[in-house]
Amino acid sequence: MSSIAERLQGVRATLPKGITLVAVSKYHSEEEIGEAYAAGQRDFGENHAQELARKAQTLPNDIRWHFIGHLQTNKVKLIMPYVSLIHAVDSWHLLSEINKQARRLERNVDVLLQLHVAEEETKFGLTPDEYDELLSQQPWRELSAVRIRGVMAMATHTDDEAQIAEEFEKVDTIFQQSKANHFADMPHFDLLSYGMSDDYPIALRHGSNIVRIGTAIFGPRQYQKTSE
Ligand SMILES: *Cc1c(COP(=O)(O)O)cnc(C)c1O
């Protein structure tokens, strides 16, 4: 079996210039992350607050930690000292709590709004209507410590590549429209986070500039190994 460094290199070789690779290290050990780090990787993604905080405390300081999962309001505080980009913000309530906790630490933080475009039933993510509502009705411009940098999404888990392409295309379109309508004066609204191990080549053909890849780098996750 190939090593983490080799698989990382293999994935990188498929990414065009200018694409950010987030190595999704959830459920993988500090040692495994260390191997990817030694191979030059600096962006890592986690989806549990405690796990991110624990790893961030022991691993090198120049790692950029991405929180990619559903974030509960009461966990915002836990990740705030470490997190560089919060990917899956899907309510005004969460957005204001992130601002509050960032202000407490006198820092600024970047976030993405999560769009729900997949077929699967999930309570996470904003529908396109909810997304428009948040941007047109909530006073997000007044949140002094938070910058909305773009959007995040997941496609339906399916083999139907046309469907996946259609869903990613929809996210791209919504991003472009909202950029024109709400962020015309904000060049920092420039991030599109979608594409995982199985579907990132499709995502890259449909506007993504951040891919979140776990399995293709670290191998399968062993969920029972975690302490959470
Ligand atoms: C786990 C996870 C990924 C990575 O998935 P792989 O299939 O292992 O590449 C990407 N995004 C989110 C939100 C995840 O939870």
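Start by selecting helices α6 and α7, which are roughly parallel to each other (that label is for angles under 35 degrees). Pick residues 128–137 for α6 and 161–182 for α7: their axes come within 12 Å and cross at roughly 15°. Axes here are lines fitted to C-alpha atoms over the stretch in contact, with angles running from 0 to 180 degrees between N-to-C directions. Helices are DSSP runs (H or I, at least four residues), numbered from the N terminus.

A word on what you're looking at: this is a predicted model, where local features need pLDDT of at least 70 and side-chain atom pairs count only at pLDDT 80 or more. Residues are numbered from 1 along each chain, and side-chain values use heavy atoms, leaving out hydrogens and water.

Next, show the side chains where the two helices touch. From α6, select Pro 128, Tyr 131, Leu 135 and Ser 136; they meet Lys 170, Ile 174, Ser 178 and His 182 in α7 (contact means heavy atoms within 4.5 Å). By class, you've got 4 nonpolar, 3 polar and 1 charged residues there.

Now hop over to the ligand. Among the residues surrounding it are Val 24, Lys 26, Met 152 and Thr 215, each with a heavy atom within 4 Å.

Which side-chain atom lies 2.5 Å from an oxygen atom of the ligand? Click on Ser 197: it's a polar one of that residue. Then try Arg 221, where a polar side-chain atom sits 2.7 Å from a ligand oxygen. Finish at Gly 214, whose polar backbone atom is 2.9 Å from an oxygen atom of the ligand.

Conventions:
Angles under 35 degrees count as roughly parallel, over 145 as roughly antiparallel, 65 to 115 as roughly perpendicular and the rest as oblique. Ala, Val, Leu, Ile, Met, Phe, Trp, Tyr, Cys and Pro count as nonpolar, Asp, Glu, Lys and Arg as charged, and the others, Gly among them, as polar. A polar contact is a pair of N or O atoms within 3.5 Å; within protein, one must be able to donate a hydrogen and the other to accept it, and residues adjacent in sequence count only if both atoms are side-chain atoms.
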